[in-house]
Amino acid sequence: MYDIKAYYEAESVEEAARLLAEKPNLKLIAGGTDVLIKMHGGQLEEAELLSLRKIKSLENIHVRDDGTVAIGAMATFSVIFHNAMLKKLIPVLTEAAVSMGGPQIRNIATIGGNVCNGATSADSASSLFALNARLKLQDEKGERVVPIREFYLGPGKVALNPGEILTEILIAPEDYLGFGGQYIKFAMREAMDIATLGVAAVCKVENGNFAEVRIGLGVAGPTPLRCLEAEEYARGKKITAETLKEIGKLAVRSTKARTSWRASKEYREHLVEELTQRALKTAVVNAGGAEVV
Amino acid sequence: MAYTVVGKSVSRADAVAKVTGKAKYTDDFSERGMLVGKILHSPYAHALVKSIDVSKAKALPGVEAVITHQDIPKIRYATAIPGVIEAIATDEVGVAELKYATAGHPFSLDPSHRDKEDRYILTQRARFIGDNIAAVVATDALTASKALKLIEVEYEELEALTTTEAALKEGAPLIHDDCERNILSSAGYVIGDIEQALKESDHLIEGEYETSIVQHCHLENQISLAYVDSDRRIVIMTSTQIPHIVRRIVAQALGISWGRVRVIKPYVGGGFGNKQDVTVEPLNAVMSLAVGGRPVKLELSREEAMIDTRTRHAFKFKIKTGVNSDGKINGIQIEAVSNTGAYASHGHSIASSGGGKFRYLYQTKALKYEPLTVFTNLPVAGAMRGYGTPQIFFAFESHIEDISRKLKLDPIELRKINLVETGHVDPLNQTVIRSCGIRECIDKGKELIKWDAKKALYKEQKGVKRRGLGMACFSYASGTYPVALELGGARIVMNQDGSVQLQLGATEIGQGSDTVFAQMVAEVLGIPMHMVHVISTQDTDISPFDTGSYASRQTYVSGMAVEKAALEVKRKVLAVAHSMTDIPAHLLDLKQQHIVMKESGERVMELEVAAMQSYYDRVHAQPITSDVTNNARINAIPYGVTFAEVEVDIKTGKIKILEIFNVHDSGKIVNPQLAEGQVHGGVGMAIGYAISEQLLFDEKTGQPLNNNLLDYKLPTIMDIPEIGAAFVEKEDPTGPFGVKALGEPPIISPAPAIRNAVLDATGVAFNRIPMNPQRVFEKFKEAGLTLN
């Protein structure tokens, strides 16, 4: 039994934005796989919920004329995983999508909810960070677009202003075209688990050199993060085992891992170093480069 | 022997009911006006309740009752006297609180054999985080939850002892005032002259091994529904393995006559030993009594069930073994410390049971077992599949592997040199090994996993991912004899068409016992399975007496009663046929719904004809029934082995199980498909035990850290490889149809086999489980295992 005081359903983004403006107490609910858990755990009492599930336009996934991939915030992880266009253009994202939870959860959990929940362990986040995703936020007055790196403020905290709704996740063509990628979810179980570390690596290869590398990490700090120092180092470098090793080492320097009962700082950092190399190694092959041995 | 139904993979008796959702579990039942109960648990591992203010909780609309330890004596007193339930909570009666024991053992007429009475329905002194302090009854779950938050409790914190070391320390506070040094029990045994045996050995090898606290994680959490019926008796429907024992313990907890409690067990969603204990039922009864006998449902959440029911004992072992250069073991000395948590439950018998069942595997001149079962301020450890044996076999089967390495002996040959043989008599309890297929199990397992070929292949590995092979053996028992009473009860009623109802005291909890009992009856009576209607629900008012589902006893112990009951029906049917035909009964048999001539198979009459005669003969009519109790004063020892192949990622510490085979000697297998299912389930549980599962607590506060299924790493189907199950059917002459136990055995040997495989792959010995990635990583680092 859930402690729900009121429940509203909006039919359009405009209606939702208006309701939010009228009733600032409203808590947005998408798939419910985070919100309901919070209610079950007693962290959210007497909730007044505004559901977005009737807004079908928010489930849309398409490529704009300029090549930007636009993913509706209410697209579920199952829908994202099974989307043939995404699988072709940005497989690093569909891989991340299918690593999340189990089939039942993926059938209702949405990517927008995953992002707005603000967890460093969000399975979509590492890939979205590596892809330089931008988020379209809408309120009663209008909309704005923010880079995902500016959206995550802290554990469970995101830069969603009162009255705002995340409507679309945008990935620009220059951020995915010609890139190969790989997502590794390192968890204690092969399914239905929270990541001990999530590593998304994307790269562009030119003549055996890294033209560009972007590395997104989840659970390596209080929010998902990018390994800018390692990325900067990689640019233009010849793709060798030594280069990968150095990238792995430098990646650790961007992390803010801590020791908890789930894993020690030392182990997490070791995983960052090792798995960044493994992810990038596969990303190189996916980008058309030669396998590093 | 050639059987028609026994030994065949017939469909489960409850398959259709379960698949179609028609099988009703406790939560599927409701009564008109049913209320909901919830429990206030202690937030401190060790604390005294100084005061409780329930006024705010009581004032919340929808709250029907708030109960604390102060109310229990009044409720008890009122119920002890029939007809005064209405008087509850109206006057002070000043009856002392009553302590009771929860472990699901058969009652013993000998007071020294009874379980320790140390539990209150609600306590004034919290001994672990989760201990029951107060309870609420309300019109719905949400209101009950809100009321819990309104109960104001003032605690005085006491020092929390979260490890056995802390609990055993000189001057440590006592968790139970009558248990010195916090020791619940220390009953071990000595066989032979251990000092001498160790002294005369060529080698003395020592090792220390450690297992962790894990939880059963049965699909269905503890749940019950209690009310007072028109006869003023307390009726409790509950998800239990032991309905007749629950009846007794609820009556004891309330201080009322046992006959005033009726317990009903519908379909159960798994137990694994956790429901061989009384947890929610006495409190549920009190909840109902507190609201004038109205129906109250009490269901634990997963988070509650993981800490406020039972767990598996964590053990620490120190083993010293004297062995000769030829591999013959002279003497074994085992010291064990078992962490039993805050209350006794099964604690005292688990350490001794593990040590007892261990004796049936290897022969030595001398054996000394010194267990210490210690209280701590952690959740209560109790019965869990294997009952102390997964712990001791993890230790010893790891240890014997270490011995083989030190002595440069083949690990399989070393075991074979020391294994018992058929005819072996246990020197302590005189159990005779009448069937022993352990050697055949080993040979079969070795072949299945292609041991020799792979061993050769995996020599000298250098890469990031390394493979290895390991094996481990076990022995167990079929039921608890000679330790405890082993009564099995069965009742059969034959219908006019020759079909029968089979009533059992034994409980189906998902393991398939209803099906194998039906197979036994069908076999004896010569009828097809669909003519055996098993009454799956146990109702202590109606069902035969049988202590329930535990100790892998049912097919063997309850099966004896079932076979006897069926034979009695058969005898009566043949007597009727004799009266009708004048053919002597001993010349007749039952086959394919017919009475036939035993020798020629000639059909004498249809079974239905004899059944009709038994119902409607104008002179001798007497429907055919039987009602049998069997007191099994015997045991049969099952054996088995695990062979495992692993791949270890040296860098991340991840262990992947590539292949795993469990080969069992459980005597005659009544239903191969169900038996395989048991093996799959047990091995799956054991894989979690070996590499991922552990209930974690803050060492300072005793706070549980991962009492939920996200953070507690129960493996998913994606983490379990295809499990190979095979059987060596050494029929035991004492078992019905030659059966021996199979329920618990599959969980015993996989963990040490996996550990030995990891040792084979990496050269690193893990003496502590679970071998989760971080631990593996750290241990590799410590051992200096690096690439290149």
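Angles under 35 degrees between two axes count as roughly parallel, over 145 as roughly antiparallel, 65 to 115 as roughly perpendicular, and the rest as oblique. In this predicted model, the axes of helix H7 (residues 243–254) of chain B and helix H8 (residues 281–290) of chain B cross at roughly 60°. H7(B) and H8(B) are therefore oblique to each other. Their axes come within 9 Å, and the crossing is right-handed.

On the H7(B) side, the residues that meet H8(B) are Val246(B), Val250(B), Ala253(B) and Leu254(B). Their counterparts in H8(B) are Glu281(B), Pro282(B) and Ala285(B). By class, this contact has six nonpolar residues, one charged residue and no polar ones.

Chain B also holds strand E19 (residues 500–504). Four of the five residues of E19(B) are buried, so the strand is largely enclosed by the rest of the structure. E19(B) pairs with two strands, as the table sets out.

| Partner of E19(B) | Sense | Bridges | A residue pair |
|---|---|---|---|
| E18(B), residues 487–494 | antiparallel | five | Ile492(B) and Leu502(B) |
| E20(B), residues 532–535 | parallel | four | Val532(B) and Val500(B) |

E18(B) and E19(B) form a hairpin, with five residues between them. Gly498(B), in the turn, has a positive phi of about 90°.

The two chains touch as well: 16 residues from chain A and 18 residues from chain B take part in the contact. Helix H13 (residues 265–286) of chain A gives the largest share of the chain A side, four residues. That side has ten nonpolar, two polar and four charged residues.

Key:
Residues are numbered from 1 along each chain as its sequence is written. Chains are lettered from A and ligands numbered from 1 in the order in which they are written. This is a predicted model: local features need pLDDT of at least 70, side-chain atom pairs count only at pLDDT 80 or more; totals for chains, interfaces and linings use all residues. Two residues are in contact if their C-beta atoms, placed from the backbone, lie within 7 Å. Ala, Val, Leu, Ile, Met, Phe, Trp, Tyr, Cys and Pro count as nonpolar, Asp, Glu, Lys and Arg as charged, and the others, Gly among them, as polar. Axes are lines fitted to C-alpha atoms, for helices over the stretch in contact, and angles run from 0 to 180 degrees between N-to-C directions. A crossing is left-handed if the near helix is turned anticlockwise from the far one by less than a right angle, and right-handed if clockwise. A residue is buried if 20 or more other C-beta atoms lie within 10 Å of its own, exposed if 12 or fewer, and partly exposed in between; C-beta atoms are placed from the backbone. Two strands pair if DSSP finds at least two bridges between them.
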